[in-house]
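Please work through each task with the model at hand before reading its solution.

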Amino acid sequence: MKETFNSKIGAIAAAAGSAVGLGNVWRFPYILGEDGGGAFLLLYIICMLFIGVPVMISEFVVGRMSGKPVATAYSSLVGDKRWQLIGVGGTLVAFLILAFYTIVSGWTLYYCYLSLTGQLSGLDEPQIKEVFTQTAADPVTCIIWMIIVTTITAAIVARGVTAGIERVSKILMPILIILIVLIAIRAMTLDGGMEGIVFMLTPDFEKINSKAFFDALGQAFFSASIGMGCMTTYGSYISKQSNIAGTAIWVSMIDFFIAFMSALMIFPCVFAFGISPSEGPGLVFVSLPNVFNQMPMGQLFQTMFFFLLFIAALTSVISLLEVVVTFVMERFGLKRRAATVASAIAITIPGIICAFSSATFDFFDKITASVMMPLGAIFIVIYVVHLLGRDRVRGEFEAHGKKSKIFNVYFFLVKYIVPVAIALIFINGVIDWIM
Ligand code: TRP
């Protein structure tokens, strides 16, 4: 029998497990900081609401209708092999994301180890920064922890996705949320912490430009795991009794909530300790240890925080590796276990390159989120609108037996708004980026 998630909550928890990860806690705040705060937040909400949610629904539709992972989902529904290109492209994107994502996941695990052994306790702001600079600049440390992360992920993916992921996500995700809320409260009550809140909530309209829009779109795709087939694959595990539009809306809301809370936790620290908001990929690692040093039982909270962040990252890495593994299974006719081992070994190669070259790291980060995933999304919505067509899509919306109230809104968005909006943001963004 085909694996499906056991319950509605299970489907939401697993898809949220993929969506919630470093994208929320690590990437969102650092991009928001680079793009100047409140204006970016506004653009992000617009992108998520009008583009992200409809694209996620579309992926769930294709995944559940076909019952297949992204490698063959698109081609099997219309009997045209050319649509396997979405699967090929998606696998490539997963491959490139895994390269830097496993490195950052490795950092979280390493920071968990550092705080457990007290190596972050009692340091002042410049020393904390120095720890991160040394970590990121040392390929050996990066590679060792990346290989540990990849091995753990492979061990889980080799056993099949639904059993392990569903259980882990349901228990640990709520704990992470509680912890983030606690830390955010402590951070906001720091001297000067409120300035951080003002920074992230006050939109400076001069900072709304094509670069910020481009980044916001990319961040929405990255954070929601959409535009490359990850959610198509997860859609194939959703049972017919679930309401797919509802699932997508829940997942997006949870994803947004955690990103928002992460920013609430990080920006007060950034301002209270005089860190630059445009610090870049190190932002969470250089800002948070400062607040832990000022909390009662800070070391315990710090260890727990980095551990749970690692778990959140792990459920996302699992979903990325799952895309690569199902592709290898379908393409080369391998069993899950063999395909997992082969894929895990293959992904360490671009990972090692990223460990040595931060320029490659940044390039993979940007090209996947802002370029490849928006392009993928255009193909996905065109496919849903013009190849599946209104009636089949509506059928999938209402497969659980209830009339859908939002179907018409959804279909209007994917037919007219989503492709045009992506194209506009994309073209302006690319011109801006290259110039
Ligand atoms: N969305 C995850 C995060 O926010 C990362 C992730 C998982 C992802 N699967 C993906 C990103 C697929 C892009 C595509 O951390």
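Predicted model: local features only at pLDDT ≥ 70, side-chain atom pairs only at ≥ 80, totals over all residues.

**Exercise 1.** Determine which residues surround the ligand and which helices supply them.

*Solution.* Step one is to list the neighbours, counting a residue as near if one of its heavy atoms lies within 4 Å. The ligand is surrounded by 17 residues, and A19, G23, Y101, F222 and S225 are the closest. Step two is to assign the shell to elements: at least two residues each come from helix 1 (8-19), helix 2 (22-34), helix 5 (84-116), helix 10 (210-224) and helix 14 (298-332). Step three is to sort the shell by class, which gives nine nonpolar, eight polar and no charged residues.

**Exercise 2.** Identify polar atoms of the protein that lie within 3.5 Å of ligand N or O atoms, and state how much of the ligand is buried.

*Solution.* Begin with the ligand oxygen atoms. A polar side-chain atom of Y101 is 2.3 Å from a ligand oxygen, and a backbone N or O atom of G23 is 2.7 Å from a ligand oxygen. Next, a ligand nitrogen lies 3.2 Å from a side-chain N or O atom of S319. Finally, the ligand taken alone exposes 360 Å², of which the protein buries 100%.

**Exercise 3.** Locate the cavities of 30 Å³ or more and describe their linings.

*Solution.* The search of the whole structure returns two. The largest cavity, of about 120 Å³, is the space taken by the ligand.

Conventions
Residues numbered from 1 in each chain as written. Heavy atoms only, no water. Polar contact = N/O pair within 3.5 Å; in protein donor to acceptor, adjacent residues only side chain to side chain. Areas by Shrake-Rupley, 256 points an atom, 1.4 Å probe, with all protein chains shown as cover. 1 Å grid on protein atoms, 1.4 Å probe; cavity = no way out; pocket = protein on both sides within 12 Å on 5 of 7 lines; lining within 4 Å. Sits in = over half its atoms within 2 Å of the grid points. Helix = DSSP H or I, 4+ residues; strand = E, 2+ residues; numbered from the N terminus. Nonpolar A, V, L, I, M, F, W, Y, C, P; charged D, E, K, R; others polar. Points joined across faces, edges and corners; volume = space filled by probe spheres on them.
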